[in-house]
Amino acid sequence: MSNIARSLNLRATSSALKTKTSLSLPKRSLATPVNTNLLQHVLPPKKPAALHLKSGQTYNGQHFGSENSKFGETVFSTSITSYTDSMTDPSYLGQILVFTSPMIGNYGVPSNTSAPGLPGIPFLESEKVQCAGVVVSDVALKYSHYQAIESIHEWCARYDVPGITGVDTRAITSLLRDQGTTLGRLAVGDEALKPAPSASEFWDPSKENLVAQASTKEPYVLNPNGKGPKIALLDFGVKANITRSLVKRDAVVTVLPWNFDFQQVQDQYDGLFLSNGPGDPKHIMETAYRVKNVIDTWNKPIFGICMGHQILGLAAGMEAYRMTFGNRGHNQPVLALATSGSINAGRVYVTSQNHQYALKLTEDFPEGWAPFFINCNDSSVEGIISTPESGKRIWGVQFHPESAGGPLDTIEMFTDFVNECQYGKSGGSKMIPNEVKLSGSDAKVAAEVSASI
């Protein structure tokens with residue numbers, strides 16, 4: 001066969017294969033089930049909206065969600081996905097949330113009913129939208145996802161949360177980075193056309209005890225038939241994924257109000273968990289004092305996340321301070337300074353965070369305590385740990401292991417804690433740090449080095 005004939009034959013064969021392949025491909029289905037409102041989107045009425053900041057700036061756009069105007073603390077998040085989780089996180093209570101991601105709402109909002117096998121725990125981070133308002137560059141009103149049941153507009157309207165779109169979120173974020181978290185008002189409709197509020201009219205949520213608003217009012221039990229340890233959880237505004245992470249490891253979790261006197265019942269439990277929550281930790285100093293008494297009189301494991309970590313720090317004698325603009329996003333790197341359980345000293349972990357307050361990094365940590373993690377971006381304290389000499393088994397982290405920022409970098413801390421509550425013995429623990437890479441006096445040097453990389 002000549003080269004020309006061979007070439008023509010190969011082309012013909014290739015063409016036949018392409019035709020056969022294209023005919024055998026299955027018809028692609030829609031990502032969103034056809035029994036939803038895919039072709040009947042509920043669009044918001046065309047009304048103006050304005051974001052007024054106490055520092056004097058105004059950003060004009062179009063409204064979505066609730067038609068009521070709201071005050072709040074204007075913050076930004078660098079999260080690219082999971083806007084439904086962020087908006088239902090109780091730590092955002094009282095805050096106007098600015099998303100740096102250019103499009104929000106494209107995959108809609110799922111049902112918030114409990115997942116199979118996890119009764120009593122919502123699918124999202126709480127039962128409702130927690131933030132006071134939402135600011136996005138481009139809101140997607142036409143969504144597509146197989147779990148979606150409504151748009152972000154319908155969802156926000158249902159929970160009376162106003163939103164604004166068509167604004168330059170990059171400019172707002174740059175401003176907040178320069179001047180810090182700023183009080184604001186999201187005005188809708190006729191209110192958006194009026195002059196900005198005077199400085200005295202802005203509401204400051206940090207002046208209030210937001211933990212009392214976010215916490216459960218009555219104790220309740222999750223996974224009562226579990227075979228794992230009995231863990232008490234002080235609820236400062238707990239995220240559902242924290243309780244989900246404990247229940248998945250078969251722990252029996254008793255959720256208690258923020259101001260519950262745990263010492264009265266401590267002998268009934270194998271461990272104590274201190275949850276995340278909104279606002280200033282100094283508003284709940286009474287809880288910090290009670291936790292200090294528990295630490296002094298109890299030798300069972302204690303684990304704190306976010307607000308819980310700050311309460312542990314205050315109980316240990318450390319100082320909490322308000323950060324300029326906080327850390328909010330799913331991409332915060334932290335450096336481990338101690339080896340404990342699944343955490344190895346010297347390794348950088350990618351984490352999810354949402355906090356305005358932090359523990360102050362000092363030259364010398366309180367006796368019996370050591371730095372556990374340091375933030376690689378801003379050198380803030382990301383974790384504390386009890387030392388082997390203390391005889392205690394206590395860990396606190398500022399980030400959220402359950403949010404899977406890495407995505408699985410630190411999730412096994414829940415396994416470590418549950419196993420420690422179930423099997424750990426004082427003096428023979430797998431979680432007591434067997435290596436503390438740096439002392440408190442050296443932590444600042446490590447922070448400066450990590451921040452310069």
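One term before we start. A helix crossing is called right-handed if the near helix is turned clockwise from the far one by less than a right angle, and left-handed if it is turned anticlockwise. Keep that in mind for a minute. And please remember that this is a predicted model.

The overview comes next. The protein chain has 453 residues, and 54% of them count as buried. Its secondary structure comes to eleven helices and 23 strands. Now take the contacts with a sequence separation of 6 or more. Residues 24 or more positions apart account for 76% of those.

Which way do α7 and α10 cross? The crossing is right-handed. The residues making this contact are I242, S245 and L246 on α7, and F414, F417 and V418 on α10. By type, that is five nonpolar, one polar and no charged. Helix α7 covers residues 240-247, and helix α10 covers residues 412-423. Their axes are 9 Å apart, and the packing angle is about 55°. The two helices are therefore oblique to each other.

Follow the chain on from α7. In the loop between α7 and β14, you come to D250. Its phi is positive, about 70°, although D250 is not a glycine. Most residues other than glycine have a negative phi. Is D250 buried or exposed, or something in between? D250 counts as partly exposed, at 29% relative accessibility. S379 is another non-glycine with a positive phi, here about 65°. Look for S379 in the loop between β20, residues 369-375, and β21, residues 381-386.

Now to helix α9, residues 307-316. How many of its ten residues are buried? Ten of the ten are, so α9 is largely enclosed by the rest of the structure. The buried set includes M307, H309 and Q310. Just after α9 sits G317, with a positive phi of about 100°.

V211 lies in α6, residues 210-214. Leaving out residues up to four places away in sequence, V211 touches M307, and also F236, W258, P278 and I284. Look at W258 in that list. V211 and W258 are 47 residues apart along the chain, yet their C-alpha atoms are separated by 7.2 Å. V211 counts as buried, at 1% relative accessibility, because the cut-off for buried is under 20%.

Where is S151? S151 is in the loop between β9, residues 148-150, and α3, residues 152-158. Its relative accessible area is 1%, so S151 is buried. What does S151 touch, not counting residues up to four places away in sequence? The contacts are V42, V109, L141 and Y143.

Last topic, the cysteines. A disulfide is a covalent bond between the sulfur atoms of two cysteines. C131 is buried, with a relative accessible area of 3%. C421 is buried too, with a relative accessible area of 8%.

That is the tour. I'm happy to go back to any part of it.

Technical notes
Residues are numbered from 1 along each chain as its sequence is written. This is a predicted model: local features need pLDDT of at least 70, side-chain atom pairs count only at pLDDT 80 or more; totals for chains, interfaces and linings use all residues. Side-chain values use heavy atoms; hydrogens and water are left out. Axes are lines fitted to C-alpha atoms, for helices over the stretch in contact, and angles run from 0 to 180 degrees between N-to-C directions. Helices (H or I, at least four residues) and strands (E, at least two) are DSSP runs, numbered from the N terminus. Angles under 35 degrees count as roughly parallel, over 145 as roughly antiparallel, 65 to 115 as roughly perpendicular and the rest as oblique. Contact means heavy atoms within 4.5 Å. Ala, Val, Leu, Ile, Met, Phe, Trp, Tyr, Cys and Pro count as nonpolar, Asp, Glu, Lys and Arg as charged, and the others, Gly among them, as polar. Buried means under 20% relative accessible area, exposed over 50%, partly exposed in between (1.4 Å probe, protein chains only).
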